[in-house]
Amino acid sequence: MPLRRRLLALVALVLAFCLIAGGALTYWHGLRKVDLEMSSAIDVGSSAVSDALSTIGSSADAPAQVHRLISSFDGDRHLSVRLISPNGKVTSASRLPPPSDPPPRWLYWLLSGSPRTRLFDMPGELKQFGTIAIAADSHNEVGEVWEDLKLKFTIIGSFCFVVLALIYASLGRALRPLEQLSSALDRVGQGDYTAHVPEDGPQDLKLIYRAFNRMAGQLQESEQQNQRLNEQLSTVQEEERSEIARDLHDEIGPFLFAADVDAQAIPLLLSRGAADEAVDRSKAIRQSVQHMQVHLRGVLSRLRPALLIDQGLTHAVENLVAFWKARRPQIEFRMDIEDARYPSAIEDTAFRILQEGTSNAVRHGQPASVGLAARRTDEGMLRVVVTDDGSGITAKGTRGFGLPGMRERVASLDGRLSIADREEGKGVMLIVEIPLPASTGSAARQEPLSESAA
Ligand SMILES: Nc1ncnc2c1ncn2[C@@H]1O[C@H](COP(=O)(O)OP(=O)(O)O)[C@@H](O)[C@H]1O
Ligand SMILES: [Mg+2]
């Protein structure tokens, strides 16, 4: 059930309870009032009748006086007085005025109580007139209660109606901003992060709107970044693949061709009796195979660096440097890698930083020298630094995949990454610091390796 209707139902319930309680109180009050009025009316009537009867007995026009006594009660709203002859016939009766607003039967039944009647026998000489009966009649009194009840319920009913209408209207106004928020949340749920709510209204709601807008903004930014990363990831993978294909083609292809030529020549040489030359050719085939093995290992280690890191960070970085030296012999590579072991997640991240940092330096900076360092600091951190003396990051530099990826890796280990763009044209210094657990530094790798693609 919507909040608005639920609140209204609650208020209506409370009002209905008040109405019922008020009704019960009014009923109890009416019952007492009718009872009190009737008994005092009958007392007053009785004393009037007995006073009158005591004087009538001795006077001459006694019959006329008895009738006057009866008619003196004409118009009394609570008493009906009758003269009943000894044979049971009503010979005279007072006139009871009808109530101006007759009460419904059920109310009369509820309030009238038990009938009250008093009988007065005539004194000695008036005995032939019979008996005077005084009966209390509560119709008029109940009629008064009925009028009172109608007035009260009209006032209370109108009050309830006005209260409910006011609550309905003000709830509608108060809940409208929440409806806006709910439809904005709905849009976010469906992936539309441009949803925005105006930051106005009561202070409490303003805070919620502000938090919502901030959340939607961040989701939008993350989505855009994700999209960008996905696009770049496929470009980077494409680049990597074509580089590996080029490597296989350039490094393995010629040696395969040479081995094939040598292998074809050997039977010819042997048939001509040139055994020494055949031996030379077979040596050449072995050299080609060895060369291919070295290159194949290089390609594999790029595809699966985890295998390399398993033998230690120093070993992995040596391989990395060897890879780049083979391709960029003009660049001087300096290594300062502490020979120690760290938890596998830290070693993997450190290697990836060195790998990407070196790759960036070589690919983007055209440096004369590149430095790779990884050492434990006095503060218990592993400090990884890649420096180069190349062009530095130019303003035109593109937003790539490597740096954000490095940041994410470092952040997941609670570390920090900073890039000091050295003076114009003097290269880049990439510094990463990763907190080490207190007990690191043993010679063995501490966790099983997780394999990951290069
Ligand atoms: N050592 C560096 N020297 C010069 N430019 C760099 C260096 N490192 C990063 N850059 C610049 O920063 C950009 C972003 O780097 P990165 O996020 O690794 O992406 P990518 O290498 O895929 O282009 C690079 O395109 C390059 O312009
Ligand atoms: Mg890069």
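**Note on a predicted model: aromatic pairs, cores and loops**

1. Start with Trp324. This residue has 6% relative accessibility, so Trp324 counts as buried. The cut-off for buried is under 20% relative accessible area.

2. Aromatic pairs come next. The whole structure holds 2 of them. One joins Trp106 and Trp146: their planes stand at 85 degrees with the ring centres 6.2 Å apart, so this pair is edge-to-face. Where do the two residues sit? Trp106 belongs to helix α3 (residues 105-111) and Trp146 to helix α4 (residues 139-189), so the pair ties together parts 40 residues apart in sequence. Trp146 counts as buried because its relative accessibility is 17%. The pair of Phe323 and Trp324 has ring centres 5.2 Å apart and planes at 85 degrees, so it too is edge-to-face. For an edge-to-face label, the planes must be over 60 degrees apart.

3. Stay with helix α4 for a moment. Leu149 lies in this helix. Is Leu149 buried or exposed? Its relative accessibility is 15%, so Leu149 counts as buried. Leaving out residues up to four places away in sequence, Leu149 touches Thr26 and Leu107. Val163 is 14 residues from Leu149 in sequence, and the two C-alpha atoms are 21 Å apart.

4. Now the strands β5 and β6. β5 covers residues 332-337 and β6 covers residues 369-376; they run parallel and are joined by 6 bridges. Which residue of β6 is the bridge partner of Met335? The partner is Leu372.

5. The largest nonpolar core has 33 residues. Leu313, Val317, Phe333, Leu354, Leu372 and Val384 have the most contacts inside it. Which elements supply at least two residues each? They are α8 (313-327), β5, α9, β6, β7 (381-388), α10 (402-412) and β9 (428-435).

6. Setting aside neighbours within four places in sequence, Leu354 contacts Val317, Leu320, Ile337, Leu372, Ala373, Val384, Val385 and Val386. Leu372 is also the bridge partner of Met335. A second core is separate and has 29 residues, including Ala52, Leu111, Phe120 and Ile132.

7. Ser92 is a polar point to check. Ser92 is placed in strand β2 (residues 90-93). Its relative accessibility is 14%, so Ser92 counts as buried. What does Ser92 contact, leaving aside neighbours within four places in sequence? The list is His67, Ile70, Val81, Arg82 and Leu83.

8. Loops give a few more points. Gly392 is in the loop between β7 and α10. Gly392 is buried, because its relative accessible area is 11%. Gly365 is 27 residues from Gly392 in sequence, yet their C-alpha atoms are 6.1 Å apart.

9. Two residues call for a check of phi. Most residues other than glycine have a negative phi. Gln366 is not a glycine, but its phi is positive, at about 45 degrees. Gln366 lies in the loop between α9 and β6. With a relative accessible area of 63%, Gln366 is exposed. Asp414 also has a positive phi, near 65 degrees. Its place is the loop between α10 and β8 (416-421). Asp414 is exposed, with a relative accessible area of 66%.

10. Last, the record. An unreviewed UniProt entry lists residues 172-224 as "domain: HAMP". How much of this stretch is helix and how much strand? The chain there is 75% helix and 0% strand, with the end C-alpha atoms 37 Å apart. The unreviewed entry also gives residues 212-239 as "coiled-coil region". Over residues 212-239 the model is 100% helix and 0% strand, and the end C-alpha atoms are 40 Å apart. Such annotations may be inferred rather than shown by experiment.

Key
Residues numbered from 1 in each chain as written. Chains lettered and ligands numbered in written order. Predicted model: local features only at pLDDT ≥ 70, side-chain atom pairs only at ≥ 80, totals over all residues. Heavy atoms only, no water. Phe/Tyr/Trp six-rings, centres within 6.5 Å; stacked < 30°, edge-to-face > 60°. Helix = DSSP H or I, 4+ residues; strand = E, 2+ residues; numbered from the N terminus. Buried < 20%, exposed > 50% of the residue type's maximum accessible area, 1.4 Å probe, protein only. Pairing = 2+ DSSP bridges. Core = buried A, V, L, I, M, F, W, Y, C linked by side-chain atoms within 4.5 Å. Contact = heavy atoms within 4.5 Å.
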